[in-house]
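The briefing after it is arranged by topic.

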Amino acid sequence: MAAPTDNSTEQNSTKLSSLTGEGIIVDIGTGDGLFVYQSARQNPNKFYIGIDANPTPLQKISERIHRKPQKGGAPNVLFIQSSVEDLPNELDGVAAEVHIHFPWGSLLAAVATGAEDVIGNIRRICSTGALLEIVFGLDPARDAAELDRLNIGPIDVAFIDTVLCPLYTSSGFEIVERAILPEDEWAKFHTTWAKRLKSGRGRLLTYIIAKAV
């Protein structure tokens with residue numbers, strides 16, 4: 001497969017919000033669920049599923065979604081406790097979009113190395129043509145210990161083109177876009193973690209958009 005052609009960062013960054021569609025949206029590694037909750041409130045015709053192995057940070061949002069919509073509820077949200085390695089079979093082929101924002105730990109290791117079992121599992125829950133968005137927010141200095149522990153190097157455009165493209169292709173995804181976003185694009189990511197990362201200088205926000213084939 002040929003690597004994606006390079007474009008300016010500005011051109012690539014403006015496409016993030018346009019490459020989405022109606023349907024079921026899955027957020028893996030959802031954390032406190034803020035991205036899912038706010039997105040669901042803004043897009044009532046889409047159904048959002050947040051997945052995380054640790055349910056504790058989801059307690060507040062989980063209570064909020066069951067309120068009446070006029071009081072902050074979100075009936076188009078479902079949270080599931082699960083690891084990415086063990087996604088429920090009920091999700092097979094249902095996702096129109098899958099988002100993975102600022103992965104860490106084993107999830108970071110899997111998506112940053114194109115681990116066949118994990119990427120294949122994500123492909124399993126996607127419909128044909130579904131979009132997978134992965135956003136990395138790493139600081140080579142501050143995150144050095146974690147990157148060394150996971151044996152991960154810099155995640156830049158060259159690495160994506162030469163290493164991740166063929167690995168993702170073998171698991172059923174075609175990487176169609178990748179770029180580093182400027183800091184003024186960070187506001188698009190309504191997550192608590194994004195706000196924390198933005199406070200530190202030196203971090204690069206790199207994104208990948210892949211299409212399920």
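The model is predicted, and five salt bridges are found in it.

- Helix α4 (residues 105-113) is largely enclosed by the rest of the structure, because seven of its nine residues are buried; among them are L107, L108 and V111.
- The elements that cover these buried residues include the strands β1 (24-28), β4 (95-101) and β5 (126-138), together with the helices α5 (116-124), α6 (144-150) and α7.
- After α4 comes G114, which has a positive phi, near 65°.

**Salt bridges**
- E97 and K46 are joined through their side chains at 3.8 Å, N to O, and this pair links strand β4 with the loop between α2 (34-42) and β2 (47-52), 51 residues apart.
- E97 counts as buried because its relative accessibility is 3%, and K46, with a relative accessible area of 11%, is buried as well.
- D92 and R124 form a salt bridge at 2.2 Å, N to O, and since D92 lies in the loop between β3 (77-81) and β4 while R124 lies in helix α5, the pair ties together parts that are 32 residues apart in sequence.
- R149 and E146 meet at 2.9 Å, N to O; R149 is exposed at 57% relative accessible area, whereas E146 is buried at 13%.

**Other side-chain contacts**
- D161, in helix α7 (residues 157-170), is buried at 17% relative accessibility, and its side chain makes a polar contact with that of R178 (2.8 Å).
- R64 lies over the face of Y37, at 5.0 Å from the ring centre.

Technical notes
Residues are numbered from 1 along each chain as its sequence is written. This is a predicted model: local features need pLDDT of at least 70, side-chain atom pairs count only at pLDDT 80 or more; totals for chains, interfaces and linings use all residues. Side-chain values use heavy atoms; hydrogens and water are left out. Helices (H or I, at least four residues) and strands (E, at least two) are DSSP runs, numbered from the N terminus. Buried means under 20% relative accessible area, exposed over 50%, partly exposed in between (1.4 Å probe, protein chains only). A polar contact is a pair of N or O atoms within 3.5 Å; within protein, one must be able to donate a hydrogen and the other to accept it, and residues adjacent in sequence count only if both atoms are side-chain atoms. A charge sits over a ring if NZ of Lys or CZ of Arg is within 6 Å of the ring centre and within 35 degrees of the ring normal. Contact means heavy atoms within 4.5 Å. A salt bridge is a side-chain nitrogen of Lys or Arg within 4 Å of a carboxyl oxygen of Asp or Glu.
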